[in-house]
Amino acid sequence: MEKNENNNNLNNYEEEEDDFAKSLEKDLEESTKLYINNITTNSPYKSDTELLLLSKEEIITYKNLIITSLNTKIQQLTKENEMLLTNYKQTTDALLSKLKDNYSNKGIRPETPSLIKNVFNNNNKISNKNNYQICNNCNKKILEDNYFEHSLLCLRKIFKCSVCENIMPFEEKNNHFLYFYNKKNIINWINTKNTKFFNLVLLHNFDVNNEIIDEEKKNYLIHFLVNNNAINLLEILLSYKNINLELRNKNDYTPLMLSCKLNYEQISLLLLNKGADVNAKNILGDSPLRFCQLNKNEKLSFILINKYKCKISNSKF
Ligand SMILES: [Zn+2]
Ligand SMILES: [Zn+2]
């Protein structure tokens, strides 16, 4: 009995296996059919062996099918290309508008002046075409459009002397001052009583308290003016602040000693009026009063003693 049951069971298994195998075969058959159907409907391409079996008419149809398929592909690619272009344009527009917002709302970024200048110039080109501005530095008429650039360049290339307002290339700045500090020039202007240029010497800050004009007598400018009886120029000099009245020349003379020795009354009075030391003495013990007495200038001696309280004992007789 058991054997039979077993056989029955075995037979059942075999039947089931057969059924399973059959269903698998069916599935495979159907999927193959689907696969083949798919290939033949979706892909126009045929294998070489397939092509050999085609008639002339079928080949023409086949060719047309290929052409249609290729045209469809071209259309698809063109569409894709157009979409990429549109996408690119939209992206660029978005980026540009973001940049514009940055420039207009968030102030000037360090790297944008040239861009802003371009925009500014383009916007104002017509309105500013004939507008000029006078350059503060070189006094030239400058087109308003170019004024900013000009100013930058001008200050670097052109020097305008704040004293005499002369305009010159920047490299000539030093020479300009040296011209007014040149001792030969100064002596010439004093000798020709050129008050304009003498004044310019002082205005260009010639160092009157430290520069010796006459090397031979070691005269400073103030001695030189006294020595030349140049009272007008001395008045100009003494109108400046911080002029040292007690400078000594080679013979240890103050300007007042020199003027008294030369018997220049007006210059002596001018120096005394400005506060020159009436009691100053040189290394030999000479004083302003001593020189006045040697010159027998009683008037000046009297003024020194009575008006400027010169000590008589200080003078040797
Ligand atoms: Zn200029
Ligand atoms: Zn100057």
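Predicted model: local features only at pLDDT ≥ 70, side-chain atom pairs only at ≥ 80, totals over all residues.
Local features are taken at pLDDT of at least 70 and side-chain atom pairs only at pLDDT 80 or more, while totals for chains, interfaces and linings use all residues. Residues are numbered from 1 along each chain as its sequence is written, with chains lettered from A and ligands numbered from 1 in the order in which they are written.

Helices here are DSSP runs of H or I with at least four residues, numbered from the N terminus. Helix 8 (195–203) and helix 10 (231–238) pack at an angle of about 30°, their axes 10 Å apart; axes are lines fitted to C-alpha atoms over the stretch in contact, and angles run from 0 to 180 degrees between N-to-C directions. That makes the two helices roughly parallel, a label for angles under 35 degrees. The crossing is right-handed, meaning that the near helix is turned clockwise from the far one by less than a right angle. On the helix 8 side, Thr195, Phe198, Asn199 and Leu202 meet Asn232, Leu233, Ile236 and Leu237 of helix 10, where contact requires C-beta atoms, placed from the backbone, within 7 Å. Five of these residues are nonpolar, three are polar and none is charged (Ala, Val, Leu, Ile, Met, Phe, Trp, Tyr, Cys and Pro count as nonpolar; Asp, Glu, Lys and Arg as charged; the others, Gly among them, as polar).

Helix 14 (residues 298–307) has Leu300, Ser301 and Leu304 buried, that is, with 20 or more other C-beta atoms, placed from the backbone, within 10 Å of their own; exposed means 12 or fewer, and partly exposed lies in between. Down the axis of helix 14, the buried residues fall within an arc of 105°, so they line one face; the arc is that of the directions from the helix axis to the C-beta atoms. An α-helix has 3.6 residues a turn, so residues three or four places apart point the same way. The buried residues of helix 14 pack against helix 11, helix 12 (265–273) and helix 13 (288–294). Glu298, Lys299, Phe302, Asn306 and Lys307 are exposed on the face turned away from that buried side.

After helix 14 comes Lys309, with a positive phi near 50°. Lys193, another non-glycine residue with positive phi, also has a value near 50°. Lys193 sits in the loop between helix 7 (183–191) and helix 8, and is exposed because it has 11 C-beta neighbours inside 10 Å. Asp252 has a phi of about 70° and lies in the loop between helix 10 and helix 11 (255–261). With 14 other C-beta atoms within 10 Å, Asp252 is partly exposed.

Terms used. Parallel < 35°, antiparallel > 145°, perpendicular 65-115°, else oblique. Contact = placed C-beta atoms within 7 Å.
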